[in-house]
Amino acid sequence: MSGETGLPVMTGAELAGWRQWLGLTTSQLAAQLGIRDGKRLREWFRGWDQRGRVIAVPDGVAKEVAELVTEQEQDVADLIKSALAGDGVIRVPREGDRDGMPAEWWIAAAVRARRQHPELRIDWANPGEQR
């Protein structure tokens with residue numbers, strides 16, 4: 001499916017940009033999308049495969065990435081709400097996962113939250129702390 005521009009629903013450049021926006025590595029994004037081999041994801045980023053054939057990001061993958069963006073937007077709102085109700089500090093994990101998402105996801109969400117509310121601060125969570 002393509003738009004008026006003749007481009008697919010999501011280009012490889014857009015996929016790469018969303019990966020960075022979400023704060024995920026290629027391997028982490030592949031895991032979130034249920035893709036076992038990051039090679040396919042890297043081909044989608046480039047827009048062609050090993051043989052030089054043009055390939056597009058599948059519409060289903062574009063939809064899943066859009067859902068991840070929406071999920072992170074909700075996490076941003078939740079981080080803001082929690083910090084404003086507490087001591088004004090957004091606590092993020094230094095490593096590992098929280099609620100099924102890697103630490104990098106939470107750092108990216110926290111930076112977006114602080115961008116919306118500059119009065120908030122970001123700090124590392126204590127090990128085992130959830131929010």
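Predicted model: local features only at pLDDT ≥ 70, side-chain atom pairs only at ≥ 80, totals over all residues.
The largest nonpolar core of the model comprises 32 residues. Within this core, the residues that touch the most other members are L15, L29, L33, L41, W44 and I90. Several elements contribute to the core: at least two residues come from each of the helices α1 (12-22), α2 (26-32), α3 (38-46), α4 (59-85) and α5 (103-116), and at least two from the strand β1 (89-92). The greatest contribution is that of α4, which supplies 9 residues. In general terms, nonpolar side chains tend to be buried together in soluble globular proteins. The surroundings of L29 may be described individually. When residues up to four places away in sequence are not counted, L29 is in contact with L15, R19, L24, L41, F45 and L68.

The packing of α1 against α3 was examined next. Two packed helices are described by the angle between their axes and the distance between the axes. The axes of α1 and α3 come within 6 Å and cross at roughly 120°. The arrangement of α1 relative to α3 is therefore oblique. On the α1 side, the meeting residues are G12, A13, L15, A16 and R19, and on the α3 side they are L41, W44 and F45. Of these, L15, L41 and W44 were named above among the core residues that touch the most other members.

The structure holds 1 aromatic pair. The ring centres of W18 and W21 are 6.0 Å apart and the ring planes stand at 85°, so this pair is edge-to-face. Both tryptophans belong to helix α1, where they are 3 residues apart, about one turn of the helix. W18 has a relative accessible area of 32% and is partly exposed. W21 is likewise partly exposed, with a relative accessible area of 42%.

Charged groups are also placed over aromatic rings. The ring of W21 has the charged end of R112 over it, at 3.7 Å from the ring centre. A further arrangement of this kind involves R98, whose charged end sits over the ring of W106, 5.3 Å from the centre of that ring.

Finally, the position of Q28 was considered. This residue lies in helix α2. The relative accessible area of Q28 is 18%, and because a residue under 20% counts as buried, Q28 is classed as buried. With residues up to four places away in sequence left out, the contacts of Q28 are with G23, P102 and E104.

Key. Residues numbered from 1 in each chain as written. Heavy atoms only, no water. Core = buried A, V, L, I, M, F, W, Y, C linked by side-chain atoms within 4.5 Å. Buried < 20%, exposed > 50% of the residue type's maximum accessible area, 1.4 Å probe, protein only. Helix = DSSP H or I, 4+ residues; strand = E, 2+ residues; numbered from the N terminus. Contact = heavy atoms within 4.5 Å. Phe/Tyr/Trp six-rings, centres within 6.5 Å; stacked < 30°, edge-to-face > 60°. Lys NZ or Arg CZ within 6 Å of the ring centre and 35° of its normal. Axes fitted to C-alpha atoms, helices over the stretch in contact; angles between N-to-C directions. Parallel < 35°, antiparallel > 145°, perpendicular 65-115°, else oblique.
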